[in-house]
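Biologist: I have a protein structure open and would like to learn how to read it. Could you walk me through a few features, one at a time?

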Amino acid sequence: MTLSFKIIATYMMFLFTLNVNAQNRINELSNQNFDHGWKFSLNADDKAIEPNFDDSGWEDLVLPHDWSVQFPIAQDNPSAGAGGYFKNGLGWYRKTFQVPQELENKKVSIHFGGVYMNAEVFVNGRSVGIQPYGYSPFYFDISEYLKFGKQNVITVKIDNSEEINSRWFSGSGIYRHVTIQVNNPLHFETNGTAVTTSEIQKDKASVNISTSIINESKSIQEYKVTASVETEEGTFKSELATKNAPGEIRKGTLALELLNPKLWSPDSPNLYTLKLSIKNAEGKTIDEVEETFGIRTIDYNSKDGFVLNGKSILLNGGNMHHDNGALGAAAFDRAEIRKVQLLKDAGFNSVRTSHNVPSEAFLKACDSIGLLVIDEAFDGWRTEKNTYDYARFFDIWYKKDIQTMVARDRNHPSIVMWSIGNEIIERKDPEAVKTAQLLKDAVLELDRTRPVTSAMTTWDNDWEIFDPLFAVHDIGGYNYQLHHAEADHARVPERVMVQTESYPRDAFFCWDMSQKHEYIIGDYVWTAMDYLGESGIGRTYIAGEEPDGEHWSADHFPWHGAYCGDIDLIGWRKPISHYRDMLWNNSEKIYMAVKQPNPEGKQIKETMWSVWPTWPSWTWPEYVGKAITVEVYTKFPEVKLFLNEELLAEQQVSRETEFKASFDVNYQPGVLVAKAYENDVLKESTVLQTAKAVDQIKLTAENNSLKANAQDLAYIQVELQDENGILNPTDDQLLEFTVEGPAEIIATDNANLKDTTAYPSHSRKTWNGRALVILRSTSEKGDIQLKVSNKNKLSSTIKIKSI
């Protein structure tokens, strides 16, 4: 991606703004976006840390950035199937920036949301620190390395060349936001403020604030801390007067009582903003921070289950890896918000951040949209799962990394559990119990308001031996082991259980178990969405056309991702998603789909994480006169199926049938209708209609405007439709995409994880009649037009605005 003059202008404006802030707001906190104006290279060496290094030939870009997804998917890439066959390697980023002279007596720090992996940061040729773990946010005080009133150079070296280091696609680079923070010597410590609520009643709630203030000056500082929250009932304030010795970090506590509080929940994600300020002895404000929080209570026990705001609820959850499909690991705000909204729309009320610290943008979206979160730190501890994974760093870095997660995330009301690990290899070793206690203690040092869990599993007979390890946890995380729940409850009746991973096809069993037993508080399917890497998990295949076995048993290229999600990589909900939503929420009154038939003389094979390929389509031209299976999902007790107005069959539906009706039908084109009845009264119906030849390309924008900030995204869904607007999934076509106006095409996709077309490509073949185009804004406002066309001169355009 080449940086246009528009983005350069934005960068120059950023520098000008920094100067103005330094001159006109010298005593105020300055927290500046630092994403613009970076350069990137995969072909540099250690000379790149030198301030005078010539980087004029490097690529210009705006963060966030993942270089792995920019390259072709190739079978010989050393990331192999685990990493999705993407290119990783060693990369360099550089940025030149002016630091005003007026900041010389300030504390300047640089903050990274996430860099994968083995990052080392240099300022003006000097190393300021390292961060091995690619998912932890981190920051460095760079004050002593800066040249005030002059040009400065920051260089970031990122080494993702030692492979394999992850069991899934990790991405490479500075894939989350970067900010510069400017403070006075007396200031709030980064992530040093914790907000908790207590004594919550209908008419009032207590807000408890613990904050850390650091004095990096050479003299005693006397000051006053003020906390305030504005609500519809008024502004509520609290003050604390204190002082700090030079070099001292002082913790202070304040309390507010809010009247008529609005509680936070997935159904009503009400949020408040806490404003904190430090005023010196003269009454001048010298530092300010804001923290968003929610007011809610959580509890859990084996009799009532999981209790939110006094009400027992089930956690209807899904696991999520951190990638954003065609964008790779790049954590654009719009992509993270979209991901959360897709989950919420699919009926999930909770997500597990498997198996690493998520982006802050993702958690903010969970707060505002209403999604409960299990915030997870690690995939492993001391024993490696891959040669170059986190086990190398665990003993030195575990406490810093897990406490970084807790300190940054503890004020998010969406987070209801901390997870300290997943399927730890050494789980049968007694030392694992001690390690779990160390990790839990590290969490409790910073937050005692949430339970601690981790995910346990085994595929042998040694299950009861994990009781001591389970005992360390507040809630027992079960991966694929819910069949042990009843016996475990009889043996350890106080244990609270959550299935932290389940097979997609076990939707009914998991729902049924959670319904029957209060001590089972919910289920998290693997996975909520498809993801890159762990190639071939969830696949189905034609026997003899691909290697047999699970994803770990062979090289399954061109598979380069996981097809076990309820939602695919372009955001389309598979039929299993509608079935699960119907079980959990009764929101799908009736849904109909068709099981893909076995090809003539061939057999479809499934794998452990798959479900049979099923499609909401009545367009099967190769199967005229042949039997195909129609499934109908509903909680109404009777279903009747009609083809071309003729009643074919009727079935009773109940819990015993897992709320499914299944019909074998000799396929004929036309209109297929399923009708649901209760006491002979028609309640709901749904229709599938055979598509004619492709006559149009339908474009639908998920959002109709973009922010002109060179970071916002527009998602455009593409469908091949007949003259009546019916999707035709049988005539996939190669499409060309062009854009005019202040935006660029940064990715295309079709959700086919066997299509190895590079994601930045401006042409892509549809899959089952669908594709996706992702546009990225520039820094200029104006009208944007996307055109899509095929070789048959069929085309379509859509307009959106950059504002």
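Modeller: Gladly! Let's start with the inside of a helix. In H4, the buried residues are Phe394, Trp397, Tyr398, Asp401, Ile402, Gln403, Thr404, Met405, Val406, Ala407, Arg408 and Asp409. Keep in mind that this is a predicted model.

Biologist: How much of H4 is enclosed by the rest of the structure?

Modeller: A residue is called buried when its relative accessible area is under 20%. In H4, 12 of the 16 residues pass that test, so the helix is largely enclosed by the rest of the structure.

Biologist: Which elements do the buried residues of H4 pack against?

Modeller: There are helices and strands among them. The helices are H3 (360-369) and H5 (431-444), and the strands are E8 (126-131), E26 (372-376) and E27 (415-422).

Biologist: Now for pairs of helices. At what angle do H4 and H5 pack?

Modeller: For a pair, look at the angle, the distance and the handedness. H4 and H5 pack at about 35 degrees, and their axes are 9 Å apart. The crossing of H4 past H5 is right-handed. On the H4 side, the contact is made by Phe394, Tyr398, Lys399, Ile402, Gln403 and Val406, and H5 contributes Thr435, Leu438, Leu439, Ala442 and Val443. By class, the residues of this contact are eight nonpolar, two polar and one charged.

Biologist: What about H8 and H9: at what angle do their axes cross?

Modeller: Helix H8 (residues 507-516) and helix H9 (residues 575-585) have axes that come within 10 Å and cross at roughly 15 degrees. The two are therefore roughly parallel to each other. H8 passes H9 in a right-handed crossing. Ala507, Phe508 and Trp511 of H8 meet Ile576, Tyr579, Arg580, Leu583 and Trp584 of H9. This contact has seven nonpolar residues, no polar ones and one charged.

Biologist: Let's turn to the backbone. Which peptide bonds are cis?

Modeller: The omega angle is the one to read. The bond from leucine 63 to proline 64 is cis, with omega near 5 degrees. Proline 64 sits in the loop between strands E3 (59-61) and E4 (89-99). The bond from tyrosine 116 to methionine 117 is also cis, with omega near -15 degrees. Methionine 117 belongs to the loop between strands E6 (115-116) and E7 (119-123).

Biologist: And phi? What is the phi of glutamate 423?

Modeller: Glutamate 423 is not a glycine, yet its phi is positive, about 45 degrees. This residue lies in the loop between E27 and H5. Its relative accessibility is 13%, so glutamate 423 counts as buried. Alanine 751, also not a glycine, has a positive phi of about 75 degrees. Its place is the loop between strand E48 (743-749) and strand E49 (763-765).

Biologist: Is alanine 751 buried or exposed?

Modeller: Alanine 751 is buried, with a relative accessible area of 1%.

Key. Residues numbered from 1 in each chain as written. Predicted model: local features only at pLDDT ≥ 70, side-chain atom pairs only at ≥ 80, totals over all residues. Heavy atoms only, no water. Axes fitted to C-alpha atoms, helices over the stretch in contact; angles between N-to-C directions. Helix = DSSP H or I, 4+ residues; strand = E, 2+ residues; numbered from the N terminus. Parallel < 35°, antiparallel > 145°, perpendicular 65-115°, else oblique. Left-handed = near helix turned anticlockwise from the far one by under 90°. Contact = heavy atoms within 4.5 Å. Nonpolar A, V, L, I, M, F, W, Y, C, P; charged D, E, K, R; others polar. Buried < 20%, exposed > 50% of the residue type's maximum accessible area, 1.4 Å probe, protein only.
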